[in-house]
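Welcome, and take a moment to look at the model below. We will walk through it together, one region at a time.

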Amino acid sequence: PFYASSSVILETFEKGRIVTGLLDEFDEKAKGMNLKGCDIIPIQQAKFLVTTGVSLYLKMLLLDNLMHADLHPGNIMLHGFSDTHGNEKYRITLVDAGMVAQLTDEESATFIGMLTSIGDGDGEAAAEFALRFSLDNDLDENE
């Protein structure tokens, strides 16, 4: 059995490659063709990274009330493998969960509001939501 607590770090070995390394590899290959790495990454791989990555992030945020505070391509691993029929499949693993926060309902609503504002291109609203995370923000709820 595994024993874990707030004072015990539990680590596992996961198969895969760090996404920044993959992107760097595609950038290097693309240089000789006067292209960018994003132009030559296999569409199935790119589609999996984006759709699964967004789904994973939204599930973590909306359903689990968790926020990985250091989520970037260097903390995402991609593992490609073939299934029993020879079809190429992928799996994503998030690493470096040392800065994962369990959000309160209020924090979750604030973070979702900030992301929505960014998506809507409303920088002023996004900034106001971001300020709500500050302990000393001097904002009342009607501002």
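Let us begin with Glu-128, which sits in helix H5, spanning residues 123-131; helices here are DSSP runs of H or I with at least four residues, strands are runs of E with at least two, and both are numbered from the N terminus. Glu-128 is partly exposed because its relative accessibility is 30%. On that scale, buried means under 20% relative accessible area, exposed means over 50%, and partly exposed lies in between (1.4 Å probe, protein chains only). Glu-128 also belongs to a surface patch of negative charge, together with Asp-120, Asp-122 and Glu-124.

A word on how to read all this: this is a predicted model, in which local features need pLDDT of at least 70 and side-chain atom pairs count only at pLDDT 80 or more, while totals for chains, interfaces and linings use all residues. Residues are numbered from 1 along each chain as its sequence is written, and side-chain values use heavy atoms, leaving out hydrogens and water.

Patches consist of residues with over 30% relative accessible area and no salt bridge, where like charges are joined within 9 Å and nonpolar side chains (Val, Leu, Ile, Met, Phe, Trp, Tyr) within 5 Å. Accessible areas come from the Shrake-Rupley method with a 1.4 Å probe, and for residues only the protein chains shown count as cover. For charge, Asp and Glu count as negative and Lys and Arg as positive, with His and the chain ends not counted.

Now step back to the whole protein. It has five helices and five strands, and from the N terminus they follow the order β-α-α-α-β-β-β-β-α-α. The radius of gyration is 19 Å, well over the 15 Å that the globule rule gives for 143 residues, so the protein is more spread out than a compact globule. That radius is taken over C-alpha atoms, and the rule is 2.2 Å times the number of residues to the power 0.38. Along the principal axes, the C-alpha atoms fill a box of roughly 55 × 50 × 25 Å. Of the 143 residues, 22% count as buried.

A nonpolar patch also lies on the surface: Val-50, Val-54, Leu-58, Leu-62 and Leu-63 together have about 480 Å² of accessible area. Val-54 has its place in helix H3, residues 43-63, and is partly exposed at 45% relative accessibility.

How many salt bridges does the structure hold? There are five, each one a side-chain nitrogen of Lys or Arg within 4 Å of a carboxyl oxygen of Asp or Glu. One of them joins Glu-28 to Lys-31, with the closest N and O atoms 3.5 Å apart. These two residues are three apart in helix H1 (residues 19-31), which means that about one helical turn separates Glu-28 and Lys-31. Glu-25 and Arg-17 meet in another, at 2.9 Å from N to O. Lys-59 and Asp-64 are also bridged, at 2.8 Å. Through shared partners, salt bridges link Arg-17, Glu-25 and Lys-29 into one network.

Finally, look at two loops. Asn-34, between H1 and helix H2 (37-40), has a positive phi of about 55° although it is not a glycine. Asn-65, between H3 and strand S2 (66-68), likewise has a positive phi, near 55°. Asn-34 is exposed at 74% relative accessible area, whereas Asn-65 counts as buried at 17%.

Methods
Charge placed at Lys NZ, Arg CZ, Asp CG, Glu CD.
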